[in-house]
Amino acid sequence: AFTPVLLDRLAKGIIDIAIITKTDASTGMPITLQPFLGEPFALVTQKSRGLKPVVEAADLRKIPLLMTTLHRGVVEQQLAPLGISLNIHTEMDSVDSIRELVLRGHWSTLMPISVFKPSVPGSKITLSEISGVQLNRQLLIATRIERNQNPSVSVLKDLILEEAGRLSRLGVFSFGTQSE
């Protein structure tokens, strides 16, 4: 689920732990947030467009994009100080649908790099880094504040941190290559 839904479920006690994108929506909720991973956004588009591995932030105005509401908000907040606006063709809250449309070569998107990396073998897409600004999202582990927290939540949190470290070493959350 998306961050707002996960926060709601966490606050209501439906779930014990969640991985969320940094947001102001958690303000005032009885939860703790632990940052654990920063991840860059990539411009993902068809190779036939001939875009380079690094694209200027100002060039984003020219590229029609498919984006989720949450990702759009994160990116627009980071572009606002530069006076850069996005060319949003369609906003849809399905990462899977956007991913599929882009992989089929029909559209472009700005998405956290792990959504497309590793890309599908033989794929006709390019993952471009954005220069002139650091477009990224911060992932956090969210848990409810409780007096008698279930010990399994702590164990699960450790497993999440360990797996995130392993995937980071493999290059899943960066433009670099594998290092394991």
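This section describes strand pairing, side-chain contacts and surface features in a predicted model. Residues are numbered from 1 along each chain as its sequence is written, and side-chain values use heavy atoms, with hydrogens and water left out. Because the model is predicted, local features need pLDDT of at least 70 and side-chain atom pairs count only at pLDDT 80 or more, whereas totals for chains, interfaces and linings use all residues.

Helices (H or I, at least four residues) and strands (E, at least two) are DSSP runs, numbered from the N terminus. Two strands are taken as paired if DSSP finds at least two bridges between them. Strand β2 spans residues 31-46 and pairs with strand β8, residues 136-144. The two are antiparallel and share nine bridges. Within this pairing, leucine 37 has leucine 139 of β8 as its bridge partner. β2 also pairs with β6, again in the antiparallel sense, over four bridges.

Parallel pairings involve β4. Strand β4 (residues 64-67) pairs with strand β5 (residues 87-91) over four bridges, in the parallel sense. Proline 64 stands opposite asparagine 87 in β5. β4 is also joined to β6 by two bridges, and these strands run parallel. Leucine 65 has serine 108 of β6 as its bridge partner.

Strand β6 is mostly covered. Five of its five residues are buried. Threonine 109 lies in β6, residues 108-112. With a relative accessibility of 0%, threonine 109 counts as buried. A polar atom of the threonine 109 side chain lies 2.5 Å from the backbone oxygen of leucine 66.

Lysine 124 sits in the loop between β6 and β7 (125-131). Its relative accessible area is 63%, so lysine 124 is exposed. The C-alpha atom of lysine 124 is 8.4 Å from that of threonine 45. These two residues are 79 residues apart along the chain.

The structure holds eight salt bridges. A salt bridge is a side-chain nitrogen of Lys or Arg within 4 Å of a carboxyl oxygen of Asp or Glu. One of them joins aspartate 8 to lysine 12, with closest N and O atoms 3.1 Å apart. Aspartate 8 is partly exposed at 33% relative accessibility. Lysine 12 is exposed, at 58%.

Two further salt bridges meet at arginine 72. Glutamate 76 forms one with arginine 72, the closest N and O atoms being 3.0 Å apart. Because glutamate 76 and arginine 72 are four residues apart in helix α2, about one helical turn separates them. Glutamate 76 is partly exposed, with a relative accessible area of 30%. Arginine 72 is partly exposed as well, at 24%. The second salt bridge runs from arginine 72 to glutamate 91, with a closest N and O distance of 2.7 Å. Arginine 72 lies in helix α2 and glutamate 91 in strand β5, so the pair ties together parts that are 19 residues apart in sequence. Glutamate 91 is partly exposed, with a relative accessible area of 36%. Through shared partners, salt bridges join Arg72, Glu76 and Glu91 into one network.

A nonpolar surface patch of about 260 Å² is made by Val155, Leu156 and Leu159. Patches are made of residues with over 30% relative accessible area and no salt bridge; like charges are joined within 9 Å, and nonpolar side chains (Val, Leu, Ile, Met, Phe, Trp, Tyr) within 5 Å. Accessible areas come from the Shrake-Rupley method with a 1.4 Å probe, and for residues, only the protein chains shown count as cover. Leucine 156 is found in helix α4, residues 151-169. At 38% relative accessible area, leucine 156 is partly exposed.

How values were computed
Buried < 20%, exposed > 50% of the residue type's maximum accessible area, 1.4 Å probe, protein only. Polar contact = N/O pair within 3.5 Å; in protein donor to acceptor, adjacent residues only side chain to side chain.
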